[in-house]
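Keep the viewer open as you read.

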Amino acid sequence: MSTERGTAHGGGTAHGGDAPDWRPTADPAALRRRAALLARTREFFAARGALEVETPILSSGGLSDPQIESLTTEVSGMSGPFFLHTSPEYSMKRLLAAGSGDIYQLCKVFRDGERGRWHNPEFTLLEWYRLGFDDAALMTEVELLVARLLAPERLLEPAERLTYAQALRRHAGVDAHSAGDLELTRAAEKHGVDCKAELDRDAKLDLLMGLVVGPNLGRERPCFVCDYPASQASLARLKPGRPPVAARFEFFLDGIELANGFHELRDAGEQRGRFARDLAARRARGQVEPPVDERLLAALAAGLPDCAGVALGFDRLVAIALGAARLPQAMAFSIDNA
């Protein structure tokens, strides 16, 4: 993964002998635009009656998703480790189960191993949940929010909606539901991507989506990819029919993934089973196996209301609004000069 970065002053070299470069990676105009977008985001949700909430950054339960690695820390006098959240999803669902109603949150989240042109291990996430919405209704609201935040400087065309299978067929030339390991490997190699033999099928699909398909999406107009394979449902419910697909979507603009949303799974037993499968995959890959978040499962068992939720990378949206060439230009400091 690329580790390039940029600063508001055209580089990150030290000044004054061996003194480190102390300057922000975003210039003052960019930070003012970022603050304005934060204010407009809050106005958007206030107009819809959604409650802004704050949830803990540290949790005793970890994320089981094999594609995402958590950062951990210790707390003196307590058994650990504690996990820095990769998303506020689990805590927000506990609030929903307790009767919070529609909620949203703007917060810092943390993911290990993510550092590059469009990645930083610490970034800002906008996450929200709407009662009575399904994935299709939430896609409409995501599109509306992004259009409001980018206007009037940029007017967006209506978003395209592709199924996951359609997107993989169009840009990678494979059938997402029936292609075997060898076909996926050859498709990756055809597009110049090194696809290691030990990767499992979903990891190969993720590689194709991230490096081949995604960069081609949302170029002429915004694009939603929906109906992900059931094996990639994460915390989304499954839709009826064959082949089995998840009520999950991702939103792309200018070849950049901005958001990931679900019509949320409410079945605690099914969710526990998915966590177990995730942990088995992590074990097979030699990854750390974090403890399951039992408080989330208890909240699901108590009763999560019918809802849809989505997480949107706020720094990436700011970068698009600025026309920035890389993520650090949209935040005050990146990991490289934190």
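What follows goes through the helices, the strands, the cores and one serine.

A word on provenance: this is a predicted model, so local features need pLDDT of at least 70 and side-chain atom pairs count only at pLDDT 80 or more, while totals for chains, interfaces and linings use all residues. Residues are numbered from 1 along each chain as its sequence is written, and side-chain values use heavy atoms, with hydrogens and water left out.

Start with helix α1, residues 28-47. Helices here are DSSP runs of H or I with at least four residues, strands are runs of E with at least two, and both are numbered from the N terminus. The expected span of a helix is 1.5 Å times one less than its number of residues. Buried in α1 are A30, R33, R34, L37, T41, F44 and F45. (Buried means under 20% relative accessible area, exposed over 50%, and partly exposed in between, with a 1.4 Å probe and protein chains only.) Looking down the axis of α1, these buried residues fall within an arc of 110°, so they line one face of the helix; the arc is taken over the directions from the helix axis to the C-beta atoms. The face turned away from the buried side of α1 carries the exposed P28, R32, E43, A46 and A47. And what covers the buried residues? The cover includes β5 (103-110), β6 (122-131), α3 (135-150) and α9 (314-322). Just after α1, G49 takes a positive phi of about 75°.

Helix α8 (residues 294-303) gets a similar look. L296, L297, A299 and L300 are buried there. They cover an arc of only 155° around the axis, which puts them on the same side of α8. On the other side of α8, A301 and A302 are exposed. The buried residues of α8 pack against α2 and α7 (268-285). At the start of α8, a side-chain oxygen of D293 comes to within 3.1 Å of the backbone nitrogen of R295.

Now for the strands, where two of them pair if DSSP finds at least two bridges between them. An open sheet of three strands runs in the order β2-β4-β3, with antiparallel pairing. Its edge strands are β2 (58-59) and β3 (71-73), each pairing on one side only. Between β3 and β4 there are three bridges, and L71 stands opposite L84 in β4. Elsewhere, β7 (residues 160-163) and β8 (residues 223-229) pair in the parallel sense over four bridges, with E160 partnered by C223 in β8. The covered face of β7 holds E160 and L162, the uncovered one R161 and T163.

Strand β11 (residues 256-263) has six of its eight residues buried, so it is largely enclosed by the rest of the structure. With β10 it pairs in the antiparallel sense over six bridges, E250 having N260 in β11 as its bridge partner. That hairpin has two residues between the strands, and D254 takes a positive phi near 60° in it. With β12 (residues 307-313), β11 pairs antiparallel over five bridges; there G261 stands opposite V310.

F249 sits in strand β10 (residues 245-253) and is buried, with a relative accessible area of 0%. It also belongs to the largest nonpolar core, where F249, F45, L126, W128, L138, V142 and V146 have the most contacts among its 39 residues. (Such a core is a set of buried Ala, Val, Leu, Ile, Met, Phe, Trp, Tyr and Cys residues joined through side-chain atoms within 4.5 Å.) α3 gives the most to this core, with seven residues. Apart from it lies another core of 23 residues, including A172, A188, V193 and V225.

Finally, S87, in the loop between β4 (82-84) and α2 (89-97). Is S87 buried or exposed? At 18% relative accessibility, S87 counts as buried. Its side chain reaches the backbone nitrogen of E89 at 3.1 Å, and a polar contact of 2.8 Å joins the side chains of S87 and E127. (A polar contact is a pair of N or O atoms within 3.5 Å; within protein, one must be able to donate a hydrogen and the other to accept it, and residues adjacent in sequence count only if both atoms are side-chain atoms.) Leaving aside neighbours within four places in sequence, S87 is in contact (heavy atoms within 4.5 Å) with V109, R111, L125 and E127.
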